[in-house]
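This report concerns salt bridges in a protein model. Please examine the sequence and the structure before reading on.

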Amino acid sequence: MSATAIHDSVLVPRYGEASLADLLPSVLACLGVAGETDRLGLALDVDHVCVLLVDGLGALALAENAATAPFLTGLPAATLTAGFPSTTATSLTTLGTGLPPGEHGILSYLLRLPGQDRLFNTLRWRLHGEGPKVDALTAFAPEHVQPRPSAFERAIAAGIPAVQVAPGYQNGSGLTRAGWRGGDFRPTYSVGDLLDGVLRAVGSAPKTLVYTYHSELDTTGHARGPATRAWRFELAHVDRIAAELAARLPARSALIVTADHGMVELVDRIDFDTHPELPDGVAELGGEPRARHVYTRDGAAADVAATWRAVLGADFLVRTRAEAVEAGWFGPVAGEFTSRIGDLVVAALGTSGIVRTAAEPVQTMMVGHHGSLTAAEQLVPLRIHRT
Ligand SMILES: [Zn+2]
């Protein structure tokens, strides 16, 4: 692939126009919540909205597998950009708050919080690596790490019940409290139970907002790859779930199917842990293989940038914090969150990634990855069925 072609494949998230951050504000506006704007032009004339978040369902992969997902691909096709990095913890918070990452502060899977020498895992909501045990929900209260109101809180303030239907481990989790606080929680024990839970919640009041989450497509893609038979079998299940919901939702409902990111198969692995040059001057390596936050030692940022650019070449975008912010990767960045961003931000192109064979052996082994700015990772579906 030529350098120009690589450049063309980079999508800067379309915050404010067609991104995951714009979905719930638009939904709230359609439900009549004052102060919210239908930025996506959804113009839904409905009383009930169910948002089904399918973890790891890229819009390009969906379109390429129309025969496997006839219900979803039979709905009008639109896409959103997930945001940067295109990773679950960031995107679920973007969706749940209606804010770009720079405004909600969950800027990565692994990021540095001010005053901490250990990185913080936002997906599991715990300090990363070796060290004393810390009660992270107390020491890093989600309402403090992500202080802005959730879309659920805004719905409830407007008198609209909001319900999350999801696996029980998400009930009261750090990530739920960061992005989805304020709503009722209905734990699910299986896909069948998820369908039942959604159908109990939608229409249980004059207006309702329901959010539900499906994880196994992402897991399958990580383990087996995003273009495999296993992935397509799982996609068929997702399609069936959406079709069952659409057939049973009450009148004046909308089912909105979207995702937190797509996925690419990782082919070229560059190992940070054994590399002779990349670790020089690096204090901590955050993020994940397709989107790294590089926290450098004091005064080393310029040298590290020069080394990383020389070593990584055209397969990666190596940006300073200021350059990444200026390019709009995170959207507008609140001053209090700036220091959470790496001194360098490194986005993978093509099929490359920066892995860690010693520190992150499981992640290194995974086939499918996401996090970066390519269309396969950034574009997520926006498919809407109205009853
Ligand atoms: Zn994933």
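## Basis of the report

The model is predicted, so local features need pLDDT of at least 70 and side-chain atom pairs count only at pLDDT 80 or more, while totals for chains, interfaces and linings use all residues. Residues are numbered from 1 along each chain as its sequence is written, and side-chain values use heavy atoms, with hydrogens and water left out.

A salt bridge is a side-chain nitrogen of Lys or Arg within 4 Å of a carboxyl oxygen of Asp or Glu. Searching the whole structure gives 17 salt bridges.

## Pairs within a helix

Helices (DSSP runs of H or I, at least four residues) and strands (runs of E, at least two) are numbered from the N terminus. In helix α11 (residues 191-201), R200 and D196 are four residues apart, about one helical turn. Their closest N and O atoms are 2.7 Å apart in a salt bridge. R200 and D196 also belong to a network of salt bridges with R186 and D193.

Helix α13 (residues 229-248) holds R248 and E244, again four residues apart. This salt bridge has its closest N and O atoms 2.3 Å apart.

## A pair between distant parts

E377 and R290 form a salt bridge of 2.8 Å, N to O. The two residues are 87 residues apart: E377 lies in helix α17 (residues 375-378), and R290 in the loop between β12 (282-285) and β13 (291-296).

## Exposure

Buried means under 20% relative accessible area, exposed over 50%, and partly exposed in between (1.4 Å probe, protein chains only). R200 is exposed at 57%, whereas D196 is partly exposed at 30%. R248 is exposed at 51%, but E244 is buried at 18%. E377 is buried at 0%, and R290 is buried at 0%.
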